[in-house]
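Work through the exercises below with the structure in view. Try each task before reading its solution.

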Amino acid sequence: MTLEEQIERSFGLKNPTLKHLHTPVNDVVQVTTPSSKFALKLYNRASRAAKDVKWELDLIEHLVEQGAPVVRPVRGTAGYVEEFIVDGQPQAAALFEWAPGEKPKAGHDTYILLGKAAARIHKAADSFVEASSRDNYDAHLLIDEQLERMKPLLVEAKQWSKMTALAERLKQHVANPLLDKGICHMDLTLDNVHRAGDTLTVFDFDSAGTCWRALEPYGVLRFSEDYFKNWLEGYRSVRTFSQENEQAVAAFGIIGDLRVVAWKLGVARSSRGEPLLTVAELPGVVDEWLAWERNMLQ
């Protein structure tokens, strides 16, 4: 059965036109009909089982019900999570309405809107009652596991001792019991939102799980301290973000990046294709992290 036929069988969309978007982790297909446009997400078999996808869709359904600015899922014959056969193998699939607008350009107003969106998602997620478990991004998962995945490459690059020492220092920065924890998007960048006017719609909750809320804007801070201030302005217009959380974001500027580098090295569960980073480049990456620590965490 072709992909088009499976889409028609599961969602009742007749004669859809498909465009593969060549996304890096999961396979996303733009589905167009004469009257509507959708995004079909085919989940990476190596990193997401059906129960993981169900958790994600349960969360998104809850966020929609609570009025958070997130993409709406489309119910199929089996619910929100369908099983498709792709290349002869079963693959979890979900269909979403196409988020209105387009990827926004970086700007002060955009990051205010992004902060507001993060706060609205966090606020709505606080009342989510989990029917099943999902990733708990604690220090072990965020730091220890990532280093173990990278260990052979870090040893080869003669960076292992530097990184184990850095890891212990990073753990001290996030040991503060006053830091807010809860469900986070975990990848809330401009790549995962569309903007239409002054409305942002957030999508791709594949990495979502329980974590320190101070991790959510780490990529904004790494990109621009000014845009981080805008993000904070937007967030605080909806929900509290304490000074302790604000100060901790800098530590997550390294901690959050560990997962990204592990993925680029090809050692993450969700990695696929040729690695985007080589062993020869690792010393430069570690030096950058140590420079960030000296400049932002001292």
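A residue counts as buried when its relative accessible area is under 20%, and as exposed when that area is over 50%. The model used here is predicted.

**Exercise 1. Is Ile 7 buried or exposed? Which residues does Ile 7 touch?**

Step 1. Locate the residue. Ile 7 sits in helix α1, which covers residues 3–11.

Step 2. Apply the cut-off. Ile 7 has a relative accessible area of 0%, so Ile 7 is buried.

Step 3. List the contacts, leaving out residues up to four places away in sequence. Ile 7 touches Gly 12, Leu 13, Pro 16, Leu 18, Val 31, Leu 40 and Phe 84.

Step 4. From C-alpha to C-alpha, Ile 7 and Val 64 are 23 Å apart in space, and they are 57 residues apart in sequence.

**Exercise 2. Classify Ser 270 as buried or exposed, and find its contacts.**

Step 1. Locate the residue. Ser 270 belongs to the loop between α8 (243–265) and α9 (282–296).

Step 2. Apply the cut-off again. The relative accessible area of Ser 270 is 17%, so this residue is buried.

Step 3. Set aside neighbours within four places in sequence. Ser 270 is then in contact with Val 25, Asn 44, Ser 47 and Trp 263.

**Exercise 3. Describe how α2 and α3 cross.**

Step 1. Find the helices. Helix α2 spans residues 50–65 and helix α3 spans residues 108–125.

Step 2. Take the geometry. Their axes come within 9 Å and cross at roughly 105 degrees.

Step 3. Name the arrangement. Angles of 65 to 115 degrees count as roughly perpendicular. Helices α2 and α3 are therefore roughly perpendicular to each other.

Step 4. Name the residues in contact. Helix α2 supplies Leu 59, His 62 and Leu 63, while α3 supplies Ile 121, Ala 124 and Ala 125.

Step 5. Sort them by class. The contact has five nonpolar residues, one polar residue and no charged ones.

**Exercise 4. In which sense do β8 and β9 pair?**

Step 1. Find the strands. Strand β8 is residues 193–196, and strand β9 is residues 199–202.

Step 2. Read the pairing. The two strands are antiparallel, with four bridges. Ala 196 has Thr 199 in β9 as its bridge partner.

Step 3. Look at the turn. The hairpin has two residues between the strands, and Gly 197 takes a positive phi near 65 degrees.

Technical notes: Residues numbered from 1 in each chain as written. Predicted model: local features only at pLDDT ≥ 70, side-chain atom pairs only at ≥ 80, totals over all residues. Heavy atoms only, no water. Pairing = 2+ DSSP bridges. Axes fitted to C-alpha atoms, helices over the stretch in contact; angles between N-to-C directions. Parallel < 35°, antiparallel > 145°, perpendicular 65-115°, else oblique. Contact = heavy atoms within 4.5 Å. Nonpolar A, V, L, I, M, F, W, Y, C, P; charged D, E, K, R; others polar. Buried < 20%, exposed > 50% of the residue type's maximum accessible area, 1.4 Å probe, protein only.
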